[in-house]
Amino acid sequence: MITYDELCDMADRDNILMISGRLHGTPSIAICDNGDCTIVIDHKQITDKYQLTTCTAHEIGHCKTGSFYSPFGLELRSRMEYRTNKWVIKNLAPKDEMIIAIENGNTEIWQLAEYFGITEEMVRFAMWVYFDIPA
């Protein structure tokens, strides 16, 4: 389980530039140019610490997995997003820790979101990937 501060340290170690900026229609975005990754976070669109952690991890996931897409690319956007989100859950809510959290009584989506410090949407994705439980 990785915290927001650890994500920032990871980005720094991997020379991923993180900046704050204004975006339209999305709270965060990752851009890669010749191997140099930049993450932009629009803090005005971030509603809470869980969304901040999830968005940051998601964009780092794009950089770490090389899951970028363009209108001219052959890769499907959905495939790149799946690969990225899978990186997020494996690092922020690993399956073995998810099982332990559930065994300890965290059985509601909101409880697991609080436990792992991620959004409920990401918990639902983890449940689907790990346990084949529909979102």
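**Aromatic pairs, pocket and helix**

Author: In this predicted model, F131 has a relative accessible area of 29%, and F131 therefore counts as partly exposed.

Reader: Which geometry does the aromatic pair of Y130 and F131 have?

Author: The centres of the rings of Y130 and F131 lie 6.0 Å apart, and there are 75 degrees between the planes. Angles over 60 degrees count as edge-to-face, so the class of the Y130 and F131 pair is edge-to-face.

Reader: Is Y130 buried or exposed?

Author: The cut-off for a buried residue is a relative accessible area under 20%. Y130 has a relative accessibility of 12%, so Y130 counts as buried.

Reader: How many residues apart are Y82 and F125, and how are their rings arranged?

Author: A search of the whole structure finds five aromatic pairs. In the pair of Y82 and F125, the ring centres are 5.7 Å apart and the planes stand at 70 degrees, so the arrangement is edge-to-face. Y82 belongs to helix α3 (residues 77-92) and F125 to helix α6 (residues 120-131), so that the pair links distant parts of the chain, with a separation of 43 residues.

Reader: Which residues do ring pairs link into a cluster, and which class does the accessibility of Y82 give?

Author: Ring pairs join Y82, F125 and W128 into a cluster. Y82, at 33% relative accessibility, counts as partly exposed.

Reader: Which element gives the most to the lining of the largest pocket?

Author: The largest pocket has a volume of about 610 Å³, and of the 21 residues that line this pocket, T26, S28, H58, E59 and E81 are the closest to its centre. At least two lining residues come from each of β2 (28-33), α2 (49-65), α3 and α6. The element that gives the most, with six residues, is α2.

Reader: Which residue caps the N-terminal end of α2?

Author: α2 is mostly covered, with 13 of its 17 residues buried, and G66, whose phi is positive, near 70 degrees, follows the helix. At the N-terminal end, a side-chain oxygen lies 3.0 Å from the backbone nitrogen of Y50, and the residue that supplies this oxygen as the cap is D48.

How values were computed. Residues are numbered from 1 along each chain as its sequence is written. This is a predicted model: local features need pLDDT of at least 70, side-chain atom pairs count only at pLDDT 80 or more; totals for chains, interfaces and linings use all residues. Side-chain values use heavy atoms; hydrogens and water are left out. Rings of Phe, Tyr and Trp (its six-membered ring) pair if their centres lie within 6.5 Å; planes under 30 degrees apart count as stacked, over 60 as edge-to-face and the rest as tilted. Helices (H or I, at least four residues) and strands (E, at least two) are DSSP runs, numbered from the N terminus. Buried means under 20% relative accessible area, exposed over 50%, partly exposed in between (1.4 Å probe, protein chains only). On a 1 Å grid over the protein atoms alone, a cavity is a set of points where a 1.4 Å probe fits but cannot get out, and a pocket is an open set with protein on both sides within 12 Å along at least five of seven lines; lining residues have an atom within 4 Å of a point. Grid points are joined across faces, edges and corners, and a volume is the space filled by probe spheres set on the points. A polar contact is a pair of N or O atoms within 3.5 Å; within protein, one must be able to donate a hydrogen and the other to accept it, and residues adjacent in sequence count only if both atoms are side-chain atoms.
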